[in-house]
Amino acid sequence: MSKIIILTVDGGGIKGIIPSYFLWQIEAALNKSCYKMFDIIGGTSTGGIIATALSSPINGTQPYTANEIYNIYTSDGSQIFVSQDSIIPDYYALYYANDGNGNGVECFLQQKYGTYSLNDARQNMQNLPDSRTKHVFTTCYTVNSSGNNIPNPTLGRDYGPYLFNWYDAVKPENDYLVWEAARATSAAPTYFPVAKLGGGNAPNSSANERWALDGGVMSNNPAVWAVSEAFRTGLASQLSDIILISLGTGSYPSGAGLVTDQTKISDPDYGNWGFTPWLVSDLDDLSGTENGRGAIVNIITESVQLVSSQQLSGLQNSGLTYFRLEPSITREQSKMDNISQSNVDSLIDTATNYLNNDGNAVFQQIINTLKENT
């Protein structure tokens, strides 16, 4: 049996520059588009946008190349992060989904993906010469199925983790538009409004109505999901069937912890914190830098990313072939909405330097493995 090759991409907003650069270099090294190399492509948040762009008919019947996606991240951040004014600070999401004038992340995604559905993308892929991709998914977390009170909620329909994906999209109730899959997976709480999808009212699809949050709230690194999907869809029957390439958007090591001996007058020392310090105060991270917007959010985002990578490293002992590319980044670079030109340039430099130095050995292993198996 030939190997099942999986690509997954983490969440991280504008930090999508980093994995899109890695993919650009992979495509250049093999002179192939990603859809000719990977059997399964999955992503969370910004990684979900990358996953769907690599596999959907955007340029006629062709998906975007990694270089085209990289150019979007380096040039179009202001079209995605459209600031929403609020008289009361922090009362509304920081950025619009749609400002009513055709601006915002939702409008941007609709313009890029058009009216293709997930099943349309799957069928289109089957007709592309030398195509390999058989399954695509993005993660999200459903918080409601109608926006109303639900006395007896059902897991999967009314709440809980959900994957927008090709395998289930053969059923009309799961055949969301591609832009809906990208919008839901990137609906980061406090940054963007909750994504309201399906339900049959234009421009939404006729799939089941779903109110969803960014997949990063439960799986910022979607790699474990990808392994699970390989088995669920029947593409793999054992771990030794799988080659998994997981791309991060950069890790800020100090953001994964806290200084418990806080010197701020308003916060207790040594972790004796209630609601306000955890969710409102600027508790210091391990480097002594103030977190901003709540330390607990940063820790949860980092932890769900680290857990998946550690779990998969353990599964290598059972036959899984696993590669992970992720550079360390600074506090300023770690902000998912920092679209300043100076930060964009610094992320580009970080991605470039990482592949030339710390990440080079793993990158070369990935290239050699893909050459042997595609």
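**Close-up views of a predicted model**

**View 1. Strand S4 is mostly covered.** Of the 6 residues in S4 (160-165), 5 are buried (under 20% relative accessible area; exposed is over 50%, partly exposed in between; 1.4 Å probe, protein chains only). This is a predicted model: local features need pLDDT of at least 70, side-chain atom pairs pLDDT 80 or more, while totals for chains, interfaces and linings use all residues. Residues are numbered from 1 along each chain as its sequence is written, and side-chain values use heavy atoms, without hydrogens and water. Helices (H or I, at least four residues) and strands (E, at least two) are DSSP runs numbered from the N terminus.

**View 2. S3 pairs with S4.** Strand S3 (residues 135-144) runs antiparallel to S4 over 6 bridges (pairing needs at least two DSSP bridges). Threonine 139 stands opposite leucine 163.

View 3. The structure holds 12 aromatic pairs (Phe, Tyr and Trp rings, the six-membered one for Trp, with centres within 6.5 Å; planes under 30 degrees apart are stacked, over 60 edge-to-face, the rest tilted). Tryptophan 24 lies in helix H1 and tyrosine 70 in helix H3, so the pair ties together parts 46 residues apart in sequence. Tryptophan 24 is partly exposed at 29%; tyrosine 70 is buried at 8%.

**View 4. Tyrosine 162 and tyrosine 176 pair edge-to-face.** Their centres are 6.1 Å apart, their planes at 75 degrees. Both are buried.
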